[in-house]
Amino acid sequence: MLRSAVARRSRELRRLLSSSAPAAGAAVPGPCIVHKRGNDILNDPWYNKDTAFPLTERDRLGLRGLLPPRVMTFKEQYERFMNSFKSLENNTRGEPDSIVSLAKWRILNRLHDRNETLYYRVLIDNIKDFAPIIYTPTVGLVDMIVVTDGSRILGLGDLGVQGIGIPIGKLDLYVAAAGINPQKVLPVMLDVGTNNEKLLEDKLYLGLRQHRLEGEEYLSVIDEFMEAVRARWPKAVVQFEDFQMKWAFETLQRYRQRFCMFNDDVQGTAGVALAGLLGVVRAQGRPLHDFNKQKIVVVGAGRALLPKTGRVWILLWRLLPEVMVLMRLKDLHEGASLVEVFDTDHQVKKVKPHVLLGLSGVGGIFNEEVLRAMKDSESPRPAIFAMSNPTTKGALLSGARNISDEMLQAAAESLASYITDEEIGKGILFPSVSSIRPITARVGAAVVRAAIHEDLAEGTADMGPKELNSLSEPEIVDYVARKMWYPGTLFTALL
């Protein structure tokens, strides 16, 4: 009887969510045992269904009288929230962007704190609109950890412990885009002090009131953290996010061979940029092996960190080290404006780049003057990238010991291949974010294959390395897709 009842509920759930239902075999939650009652359930966003608790569950779980009498379906709750969000948009029309963004972030954050299932369903269905809201810094078992020390939060600089919003927002995107189970993610803020004098003088600042640790003292803290993670969650992927660039490279070199970790600012940006650059070559009607003939001008943080060889190290992380950057020409003085790259006079050499790559957190660099100057490019289809990440799911499912350059390159090439020739002809170099889940499945499968090829795949609890190695390419894609978490209403029972 219980099995047939559950089957009926499952069919009803699929029917209600049919407008955007998960792929066949996706991980929709089944019945679960709850050890809580009454307000303890309503205060737990993982179990709380708000008005969607049926009367039978309200009686069993001690919820009668704690909720409004009307029982709503999950679909009705979804529509109610979206109507509230649209009303917020209408009511804040004409207000400054900062006020509107904060209001949107608050309404989403309140939903997250109250009902995680509904929150992630809303986020998945509206990822294109909501991703910038949750990721922009407005103020058991672990598969994925995003860690920051708060030293370089996007374009805001040193925020100390107030940088914790970035790991939280990034993990929300991984749940929505890569299908990582939200119960198996962990945002981490390593408080090693702050060099922001305003924060140090702020009586309300919650972090350590000391300047940042440096040198071996700093590295000893990071060493202890990484060892503790491996001891507690040996299969977890650790992503470093928004570290100062000096520590971004140092920690990446220090840990990448010993731990399953990566740095999104270095390697994640590199993978996405490489996918776009491969698309540029296609848009120019040239074969992909002509990639190393591209003239690339890099603007931003990467410029001061490139080695003397002039290779695009910060961008491609040695994926294609033969690509040269025309950036510090002898004729150009240090700190020259971008437009000087294009001007011709007795002092300045004309570069005529094929690609402009922005790696700076400062806005307004690619202004109208620069865009007009790109008309002089030797390329029939010059490209401009204003860069501010797709390997995580594949690394998790392969059980890789570490994340290699080849795995990153496989992700970039898979992302680039997703664009059709027709889209390339229209100047589209990246797929729409609305298709991010099927794209993630294919990119993740490419990373799994690369891990297998390099003998880095150690498998997972339900799929050993031999089984992984025996899967065909379509089977790996299907395996990744089936492992993607998808939100659904939990069916609860009292123990």
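# Questions on burial, pairing and contact

Visitor: With which residues is asparagine 126 in contact, leaving aside its neighbours within four places in sequence?
Guide: Once those neighbours are set aside, asparagine 126 is in contact with Tyr78 and Met82, where contact means heavy atoms within 4.5 Å. The model is a predicted one, in which local features need pLDDT of at least 70 and side-chain atom pairs count only at pLDDT 80 or more, while totals for chains, interfaces and linings use all residues. Residues are numbered from 1 along each chain as its sequence is written, and side-chain values use heavy atoms, with hydrogens and water left out.

Visitor: Why is asparagine 126 called buried?
Guide: Asparagine 126 has a relative accessible area of 15%. Buried means under 20% (exposed is over 50%, partly exposed in between, with a 1.4 Å probe and protein chains only), and therefore asparagine 126 qualifies as buried. Its place is the loop between H6 and H7.

Visitor: What makes H6 count as mostly covered?
Guide: Helix H6 spans residues 116-125, and nine of its 10 residues are buried. Helices are DSSP runs of H or I with at least four residues, strands are runs of E with at least two, and both are numbered from the N terminus. Among the buried residues of H6 are Leu118, Tyr119, Arg121 and Ile124. The buried residues of H6 pack against helices H4, H5, H7, H8 and H19.

Visitor: Why is S2 described as largely enclosed?
Guide: Five of the five residues of S2 are buried, so the rest of the structure largely encloses this strand. Both faces are covered, with Met144, Val146 and Thr148 on one side and Ile145 and Val147 on the other. In a regular strand, side chains alternate between the two faces of the sheet.

Visitor: What makes S2 and S3 a pair?
Guide: Two strands pair if DSSP finds at least two bridges between them. Isoleucine 145 stands opposite leucine 186 in S3.

Visitor: How do you know that S4 is joined to S2 and to S5?
Guide: S2 and S4 run parallel and are joined by four bridges, with valine 147 opposite phenylalanine 240 in S4. S4 and S5 (residues 261-263) also run parallel, joined by three bridges. From S4 the chain passes through helix H11 (residues 245-255) to S5 in a right-handed β-α-β crossover. Right-handed means that, with the strands pointing away from the viewer, the path from the first strand over the helix to the second runs clockwise.

Visitor: Why does phenylalanine 262 count as buried?
Guide: Its relative accessible area is 2%, so phenylalanine 262 is buried. This residue of strand S5 is 24 residues from valine 238 in sequence, with 6.7 Å between their C-alpha atoms.

Visitor: Which residues does UniProt list for "active site"?
Guide: The unreviewed UniProt entry lists Tyr135 and Lys170. Such positions are given in the numbering used here, feature names are shortened, and annotations may be inferred rather than shown by experiment.

Visitor: Why are tyrosine 135 and lysine 170 classed as buried?
Guide: The relative accessible area of tyrosine 135 is 18%, so this residue is buried; lysine 170, at 4%, is likewise buried. Tyrosine 135 lies in helix H7 and lysine 170 in helix H8. Beyond neighbours within four places in sequence, the contacts of tyrosine 135 include Lys170 and Glu241.

Visitor: What makes asparagine 402 buried?
Guide: With a relative accessible area of 9%, asparagine 402 is buried. Its place is the loop between helix H16 and helix H17. A polar atom of the side chain of asparagine 402 lies 3.4 Å from the backbone oxygen of glutamine 257. Leaving aside neighbours within four places in sequence, asparagine 402 is in contact with residues including Arg256, Phe259 and Leu456.

How values were computed
Polar contact = N/O pair within 3.5 Å; in protein donor to acceptor, adjacent residues only side chain to side chain.
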